[in-house]
Amino acid sequence: MATTPTVRRLLLSNELKRLREQAGIDPDKAARHLGCRTSKISRIELAQSSIQAGDVKLLSELYGAETDHAEVLLDLARGQNQRGRWAGYRAVYPDWFRLFVDLERDAAALKSVEVEVIPGLLQTENYIQALFENGGADDNLENRVLARKERQSIFTRNDRPQLSFILSESCVRRNIGGPAVMREQLLHLVEIARLRNVQIQVLPFEARTYAGQVAYRFTLVNVPASGVSSPLDFVYVESHDDARYLDAHDAVSSYGALWGRLQAAALGPVESREFLAEAAEQMG
């Protein structure tokens, strides 16, 4: 399986919880079977701690998993941990962003709303440099560029996910790095939007939507099922120095509905490309 260790753990915890509930077994009984405290079962099911392959085997037997099913779970368990993944240029990622990098890497679909800055996946190298240089001296600038460009390999890999973006007109008009940088960036958006698995829509200032709806930046992430495990659906909501990962059904549904309203208010894909091309020409 090609999934990252973090996502393997999420898929495994999600499936173990589903199997336990399907078998009608409470956490206390599962804990007694492993000879541990109930809190350990809770941490496992919340993906807060890894689980040994031997414990996965015992729980699979207790929950009545079929042999093939149990083998998939064991495979997930064996790939949960991998040292050194956040060394080198990847060390620029703050701890709270690393889960998103893994989810993004394994996603089948991403739906992102941005309100002020071009999303990282869509940024040109000059735009990235200008973005961080504007904040003052940055000794990690080269690593930041490398890390972001690695994320952008999502556009060229074989299993390309469906990537959808809604950009507020503020993203298009905010001058990062000067007219030449912005013109290059906007023309890059026009080209990226021509890819079959990419859809970019611009939400213009005059769009008929509630002002409060435009204030939120978020990403809906869908990670497909792995083997017999269940798919994962998350909402990623980022602030200045932290992020929230929401996986409750009501939260995912609420943000999904918000995405639908914003998409309906935005320009269509073709009109958005024309809008971006015109904005690029206005940059001179």
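Two strands are taken to pair if DSSP finds at least two bridges between them, and the strands themselves (E, at least two residues), like the helices (H or I, at least four residues), are DSSP runs numbered from the N terminus. The model is a predicted one, in which local features need pLDDT of at least 70 and side-chain atom pairs count only at pLDDT 80 or more, whereas totals for chains, interfaces and linings use all residues. Residues are numbered from 1 along each chain as its sequence is written, and side-chain values use heavy atoms, with hydrogens and water left out.

Strand E1 (residues 109–114) pairs with strand E2 (residues 162–168) in the parallel sense over 6 bridges, and in this pairing Glu114 stands opposite Leu167 in E2. E1 is also joined by 5 bridges to strand E4 (residues 218–223), the two running antiparallel, with Leu110 placed opposite Val221 in E4.

When residues up to four places away in sequence are not counted, Ile200 touches residues including Leu122, Phe165, Leu167, Leu189 and Pro269, contact meaning heavy atoms within 4.5 Å.

The structure holds 7 aromatic pairs, where rings of Phe, Tyr and Trp (its six-membered ring) pair if their centres lie within 6.5 Å, and planes under 30 degrees apart count as stacked, over 60 as edge-to-face and the rest as tilted. Tyr93 and Phe97 form a tilted pair, at 5.6 Å centre to centre and with 50 degrees between the planes. The rings of Phe97 and Phe100 have centres 5.5 Å apart and planes at 35 degrees, so this pair is tilted; being 3 residues apart in helix H6 (residues 95–106), Phe97 and Phe100 are separated by about one helical turn. Phe97 is buried, with a relative accessible area of 10%, and Phe100 is buried with a value of 4%, where buried means under 20% relative accessible area, exposed over 50% and partly exposed in between (1.4 Å probe, protein chains only). Ring pairs link Tyr93, Trp96, Phe97, Phe100, Tyr236 and Tyr245 into a cluster.

In the loop between helix H3 (38–45) and helix H4 (53–63), Ala47 has a phi near 60 degrees, a positive value in a residue other than glycine, and Ala47 is buried, with a relative accessible area of 16%.
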